[in-house]
Amino acid sequence: MPIQYYIYLSLALFCIGIAGVLTRRNAIIIFMSVELMLNAVNLLLVAFSKMHHAVATAVDKVNNVGTDGQIFVFFVMVVAAAEVSVGLAIIVMMYRNAHSVDVNFLNRLKN
Amino acid sequence: MNVIQVLFWILSAMALVSALMVLLSKNPVHSVLWLVAVFFAISGHYILLNAQFIAIVNLIVYAGAIMVLFLFVIMLMNLNKDTEPQKNIWMKLAGAISAGCLLMILVSLIKQAPELQAKTAMMNEGGIGLIANLGKALFNTYVVPFEISSILFLSAMVGAVVIGKKD
């Protein structure tokens, strides 16, 4: 497939995630939109890794060009898993204190 | 149009529709389920690109672990009802318009980029996504970041316990 199709798909997913962060008020939905943006970037990294692999295979039959991109996707997933555990703990604490997950309740620092 | 192209368009449509439904559904539980559908579609894309290790890890970690964590938190807080207070309609419109503007600018930029013309992603062949190659790279070149990520997980676990503790 042409690489542009993958870029357009990833851009559309990323912008849907941005629209979710900007328009929703539920903290959990905002967090899920951030996950959607991370996944769009992961898809683009894998597509680019296969693009570079296709270019290198045309020159040399046996190579492992493009491995770095897929390793990077793996580390993005690792960091996302750690981020989700801490972020959900923060949301649970926020719900315990404010009895709501609406982000507009967070606009005051006092009380 | 061969079978790979048909699968590409089906999976792309599934990913985009599910991603839109994540935003449009009022019930947070439905949003989580639509997000799981997005992750399945993206895993299908990984399999089409012959990135088998990433596809399986995406299914296990995202659709299996992270989304179940989201579901637990939503059901723990009893949020599975349709009571999100309505935001100002102009604020929603402004958010949607700014995201659409960003999408338009980036698409027009990609359309004219000379480096990307006539480049293709290798579909359904090429062995770099297989677990033998990725495992060798992970435990030779990237062994230090791999070990550091375990420390990251330990600190995230301790942080989550400390934040979630009642005091």
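Me: What makes residues 54–77 of chain B a helical stretch?
Reply: Over residues 54–77 of chain B the chain is 96% helix and 0% strand, and the end C-alpha atoms are 32 Å apart. Helices here are DSSP runs of H or I with at least four residues, strands are runs of E with at least two, and both are numbered from the N terminus. Keep in mind that this is a predicted model, where local features need pLDDT of at least 70, side-chain atom pairs count only at pLDDT 80 or more, and totals for chains, interfaces and linings use all residues. Residues are numbered from 1 along each chain as its sequence is written, chains are lettered from A and ligands numbered from 1 in the order in which they are written, and side-chain values use heavy atoms, with hydrogens and water left out.

Me: Why is B:Ser43 called buried?
Reply: Buried means under 20% relative accessible area, exposed over 50%, and partly exposed in between (1.4 Å probe, protein chains only). B:Ser43 has a relative accessible area of 2%, so it is buried. You can find B:Ser43 in helix 2 (residues 28–48) of chain B.

Me: And what makes A:Lys61 exposed?
Reply: The relative accessible area of A:Lys61 is 70%, so this residue counts as exposed. A:Lys61 sits in the loop between helix 2 (27–59) and helix 3 (67–98) of chain A.

Me: How do you know that B:Ser43 and B:Asn58 make a polar contact?
Reply: A polar contact is a pair of N or O atoms within 3.5 Å; within protein, one must be able to donate a hydrogen and the other to accept it, and residues adjacent in sequence count only if both atoms are side-chain atoms. The side chains of B:Ser43 and B:Asn58 make such a contact at 3.0 Å.

Me: What is the area buried between chain B and chain A?
Reply: Buried area is the accessible area (1.4 Å probe) that two parts lose on being put together, summed over both. Between chain B and chain A that is about 7,000 Å², with carbon and sulfur atoms giving 77%. In chain B, B:Leu23, B:Phe70 and B:Ile128 lose the most area to chain A, together 10% of what that side buries.
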